[in-house]
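Let's take a walk through a protein together, one feature at a time. Keep the picture beside you and look up each residue as we reach it.

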Amino acid sequence: ISASSKSTDNTLFLLYNLYSASVMYPNDSLEAWHRGQGHWADVAANDWNKWTWQLRNSITKIEQLDKYLDLTSEERAGCLFAKDKLALSITPYFFNLIDPDDPNDPIRRQVVPRSEEMHTSPEELLDPVGEEGTKPVDGIVHRYPDRVLFLVTDRCASYCRYCTRSRLVSNAQDYNFHPQFEGGLEYIRNHPEIRDVLLSGGDPLLLSDKKLDYLLGELRKIPHIEFIRIGSRIPVFLPQRITPELCTIFKKHGPIWLSIHVNHPNECTHALREACERLSFAGVPIGNQSVLLKGVNNDKAVMKSLIHRLLMMRVRPYYLYQCDLITGSAHLRTDPREGIEIIQALRGHTSGYAIPQFVIDAPGGGGKIPINPEYVKAITSDSIVMRNFQGEEYRYPLQYVATQKPDPKAPQIEPLLV
């Protein structure tokens with residue numbers, strides 16, 4: 001590579017960084033984050049801040065959507081089909097994040113049904129990651145040797161239109177999942193190889209404080225359980241649920257690790273930030289799992305903004321998932337090569353802490369497979385040949401052989417006295 005071309009590359013690199021910084025700030029500053037009650041400004045704050053009020057007043061019918069949105073024909077058809085595929089439900093809090101004037105709003109695409117959900121592509125599956133084949137008892141998925149997935153409910157505060165468990169979540173497809181806590185707990189007690197339990201569903205944080213306290217307490221009594229996790233989108237859909245009482249339960253049985261699910265910067269609000277702060281102060285480490293979605297976050301600048309905001313909320317970006325091959329999701333899935341390009345655009349251009357691991361949950365039950373940009377160009381007999389984030393090549397020796405004799409004048413290290 002010539003010196004002139006290297007100089008040009010460095011100039012472009014600096015210009016990119018300057019442009020990127022100007023785009024990201026002040027747009028990611030807290031002043032730009034959503035706050036307030038939006039369409040429900042006339043509701044008493046005391047009611048608005050109760051998670052039970054949010055659930056009771058969730059948008060579940062097309063008539064409610066019509067009040068606030070000019071629905072497209074695709075959305076109208078999707079809403080009519082939702083009762084047979086995956087229920088419509090959006091909390092008032094999360095609905096406020098939708099721009100009513102934008103039919104392609106990234107929040108809207110995640111939660112408002114569309115007619116495309118009625119179409120099934122040949123590669124799509126009802127159980128895209130093969131959970132049904134690894135269920136030794138009802139509610140337990142035991143795919144990995146030392147870990148189990150414990151499904152404890154089929155309900156969520158709002159329903160993501162790309163949900164990998166839409167076969168059972170909301171029961172729109174008559175799956176009739178009835179969680180049996182005792183059966184799952186007994187299986188875990190009887191399998192000492194299990195050290196890690198992930199509570200999921202549905203959303204475990206929709207359970208009452210009493211049930212969560214019981215479940216976490218019973219798991220903590222099992223000697224071989226070292227690690228308890230919860231997968232939840234409740235802080236994102238319903239931050240009002242993160243009450244002092246709930247945080248006390250987490251602290252009592254901690255450490256409880258929490259994976260939340262934020263897909264777009266607009267979901268990072270003051271209410272979510274405050275909920276994450278309460279969780280953190282209760283000793284709950286928080287990670288984020290995003291799904292790569294067409295028209296939502298398959299954009300380098302959007303993803304960079306999202307991960308920066310997550311760190312500002314004490315949340316570590318953990319996984320970026322390729323969207324699973326769930327039936328009726330083709331309109332939301334994007335080419336996985338876009339995910340690789342996004343990770344490549346982040347590496348070296350932001351904090352290492354901010355960069356999630358891009359994964360594909362292998363269709364049929366192969367588990368999560370990391371998908372990374374290629375930084376290793378070659379492995380020879382004597383070195384690894386690598387490229388950095390700027391495309392420059394470097395070598396690291398595989399074996400080091402001393403070629404110089406030690407300096408006789410160098411000071412000698414006295415042997416240690418025993």
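In this predicted model, ring pairs join W40, W48, W53, Y68 and F95 into a cluster. Pick out W40 and Y68 from that group. Their rings make a tilted aromatic pair, with 5.1 Å from centre to centre and 40° between the planes. Across the model, the count of aromatic pairs comes to 10.

R241 lies over the face of W51, 4.2 Å from the ring centre. You can find a second example at Y144, where R147 lies over the ring face at 4.3 Å from its centre.

Now step back to the whole chain. It has 14 helices and 12 strands. Of its 418 residues, 48% are buried. Among contacts with a separation of 6 or more, 75% are between residues 24 or more positions apart.

Next, turn to a pair of helices. Two packed helices are described by the angle between their axes and the distance between the axes. Helix α9 (residues 209-220) packs with helix α11 (residues 244-253) at an angle of about 5°, and their axes are 10 Å apart. Because angles under 35 degrees count as roughly parallel, α9 is roughly parallel to α11. On the α9 side, the contact is made by D209, L212, D213, L216, G217 and R220. Helix α11 brings E245, L246, I249, F250, K252 and H253. The residues of this contact divide into 5 nonpolar, 2 polar and 5 charged.

Finally, have a look at the backbone.

Neither is a glycine, yet phi is positive at about 75° for S170 and at about 55° for N176. Are they buried or exposed? S170 has 8% relative accessibility, so it counts as buried, whereas N176, at 44%, counts as partly exposed.

Methods: Residues numbered from 1 in each chain as written. Predicted model: local features only at pLDDT ≥ 70, side-chain atom pairs only at ≥ 80, totals over all residues. Heavy atoms only, no water. Axes fitted to C-alpha atoms, helices over the stretch in contact; angles between N-to-C directions. Helix = DSSP H or I, 4+ residues; strand = E, 2+ residues; numbered from the N terminus. Parallel < 35°, antiparallel > 145°, perpendicular 65-115°, else oblique. Contact = heavy atoms within 4.5 Å. Nonpolar A, V, L, I, M, F, W, Y, C, P; charged D, E, K, R; others polar. Phe/Tyr/Trp six-rings, centres within 6.5 Å; stacked < 30°, edge-to-face > 60°. Lys NZ or Arg CZ within 6 Å of the ring centre and 35° of its normal. Buried < 20%, exposed > 50% of the residue type's maximum accessible area, 1.4 Å probe, protein only.
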